[in-house]
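Here are my notes on this model. Please read them with the structure open.

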Amino acid sequence: MSRRRVAVTGIGMVSPTGTTAPECWSACLAGQAAVAPIPDQWRRWSGFQSTVWAPLPTVDFAAAGITPLEAMRLDGAVMLAIVAAREALADAKLEASLVDAKRGIWRLAGIDDERAGVCMGSGGGGITTLIESQNSHLLTPIQPLASRGTPETPDPASDALDTLLASLPKRFNPFAVSMIMPNAVSATLGIRYSLRGPNTTCALACAAGTAAVGQALRSIRGGDTDMVLCGGAEFVGDPFGSVFRAFDTAKTLASVVDRPETANRPFDRGRTGFLLAEGGAAVLVCEEWEHAHRRGARIHAEIVGYGESFDAYSMMIMEPTGRQLSRAIGLSLADAGIAADDVDYVNAHGTGTIVNDDVESAVIEGLFGSRPLVSATKSLTGHCIGASGAIEVAMTALSLRDQKVHGCVNLEDPVRPLNFARKSTDAGLTWAVSQSSAFGGHNAAVVMRRAGP
Amino acid sequence: MSDPASPPSADVAARVGAVIRDVLGLESCPVAASSRLREDLGADSVDAVMLVMALEREFKGKISDEEAARFCTVEEVVDYVSLRIGEQGLS
């Protein structure tokens with residue numbers, strides 16, 4: 001019996017480069033990288049080594065069907081996931097009809113709900129809700145300390161306290177638990193679209209979205225499901241820059257010397273760290289091949305292989321030989337049944353940190369030589385943490401569909417002589433790999449093929 | 001949003017009704033003053049929490065959990081809000 005195949009029939013995306021997949025893709029092809037100074041307000045709480053990040057554009061959550069009441073009980077990562085999921089389902093021509101207005105539950109036409117699953121990746125779960133809840137909890141007894149009127153002598157401490165107290169919601173959010181838990185993204189999508197198959201969460205930090213797509217491949221291929229909504233979602237834009245500070249103080253972020261617009265430069269010898277994104281989400285409708293064909297769905301690309309490994313070395317630094325990253329990619333190629341020489345395009349993890357890019361570029365050179373095109377989506381979107389792998393898989397699927405590769409921007413002096421796409425490029429692509437590595441030591445790689453017979 | 005020039009209590013019943021319909025997903029169903037939130041309108045414990053948050057949002061203020069726990073009918077909610085609403089919201 002031949003192996004069940006997996007088609008990508010729907011893509012939805014929100015990132016610092018756009019609020020829909022076509023917007024993000026067009027911006028990346030046009031080389032429009034997202035970068036901006038961090039909010040002034042954050043400097044009240046700390047000096048920062050890095051002073052740039054990639055903020056999200058304004059997202060119209062109401063247009064995505066999220067009511068103001070729902071927004072009160074949803075973390076930002078979940079809201080972004082809903083926007084991307086809605087777009088992905090519409091893109092896949094899966095019609096949703098409202099079956100329970102109170103609970104905001106929809107049902108997809110033509111789908112066996114018990115054979116449809118959800119697998120989403122997350123880095124920090126509801127981390128901004130956790131921060132807001134903690135602020136609310138700790139500051140409740142301090143409310144009376146809010147200053148009355150403007151003091152004659154400006155006082156940074158009372159100014160900071162007043163700002164903090166003014167930001168507090170009226171009550172400690174009674175939905176905090178269901179907003180903080182890492183499985184909230186997958187659970188929300190499962191409830192919202194009545195998907196009753198396996199509902200899981202991949203908590204593999206920056207490789208979470210990649211692993212989620214890999215698990216979807218295995219679930220469909222193994223026969224447990226016919227369709228899986230998969231991807232990743234992250235939101236780290238807390239109002240006080242707490243999450244940014246955590247990465248900043250660990251000295252992982254891009255430091256700016258002169259030109260902020262070029263601070264984010266994966267694989268360049270002048271790189272200084274990664275550009276943190278405020279958040280993002282990508283959702284893919286992955287569907288069993290015949291299931292997709294029977295309903296006449298358009299297929300963007302085929303998911304054909306997945307590999308995973310773990311460094312067992314350090315929580316925050318990639319193992320310097322890259323042996324396990326190489327092994328994960330090798331496993332994904334073996335799973336796809338292809339050789340490294342077949343690969344036309346590598347969508348790299350490409351964070352822009354010193355060690356990562358050194359190790360990853362050596363791994364790419366060792367496995368693939370200098371033949372395949374290489375680019376890094378993070379050079380355009382910034383680093384969307386748990387969403388980044390899914391965003392990159394989605395970008396790779398669009399590359400295979402449109403036969404175009406976006407550039408690896410700000411790359412002037414490459415760390416290694418790979419076939420980097422410095423600008424967007426037309427290319428004949430059949431096979432592509434998207435890989436991720438993560439804090440903790442996780443490595444994951446997905447292999448995709450251009451949609452064909 | 002109500003007209004700030006009108007007496008604050010004039011449209012409280014209508015606004016409370018709209019909030020309850022919104023929270024309970026009752027669309028345009030009429031909500032009688034005597035309707036019981038739990039028994040007649042089907043509110044569960046999560047809806048009760050959501051209702052308090054939605055009322056605080058609509059009327060801009062804080063409702064104590066102890067008092068909210070005593071809400072039984074739509075009328076009791078309207079009476080509570082009418083009694084406490086002022087120019088600065090609920091007090």
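1. B:Ser35 sits in the loop between helix H1 (12-24) and helix H2 (45-59) of chain B. Helices are DSSP runs of H or I, at least four residues, numbered from the N terminus. The model is predicted: local features need pLDDT of at least 70, side-chain atom pairs count only at pLDDT 80 or more, and totals for chains, interfaces and linings use all residues. Residues are numbered from 1 along each chain as its sequence is written, and chains are lettered from A and ligands numbered from 1 in the order in which they are written.

2. B:Ser35 touches B:Asp40, B:Leu41, B:Thr73 and B:Val74, leaving out residues up to four places away in sequence. Contact means C-beta atoms, placed from the backbone, within 7 Å. B:Val74 is 39 residues from B:Ser35 in sequence, yet their C-alpha atoms are 5.8 Å apart.

3. Now chain A. A:Ala77, A:Val78, A:Ala81, A:Ile82 and A:Ala85 in H3(A) meet A:Ala184, A:Val185, A:Thr188, A:Leu189 and A:Arg192 in H7(A). By class, this contact has eight nonpolar, one polar and one charged residues. Ala, Val, Leu, Ile, Met, Phe, Trp, Tyr, Cys and Pro count as nonpolar, Asp, Glu, Lys and Arg as charged, and the others, Gly among them, as polar.

4. Between the chains, the contact takes eight residues from chain A and 11 residues from chain B. The chain A side divides into four nonpolar, no polar and four charged.

Definitions and conventions: Two residues are in contact if their C-beta atoms, placed from the backbone, lie within 7 Å. Helices (H or I, at least four residues) and strands (E, at least two) are DSSP runs, numbered from the N terminus.
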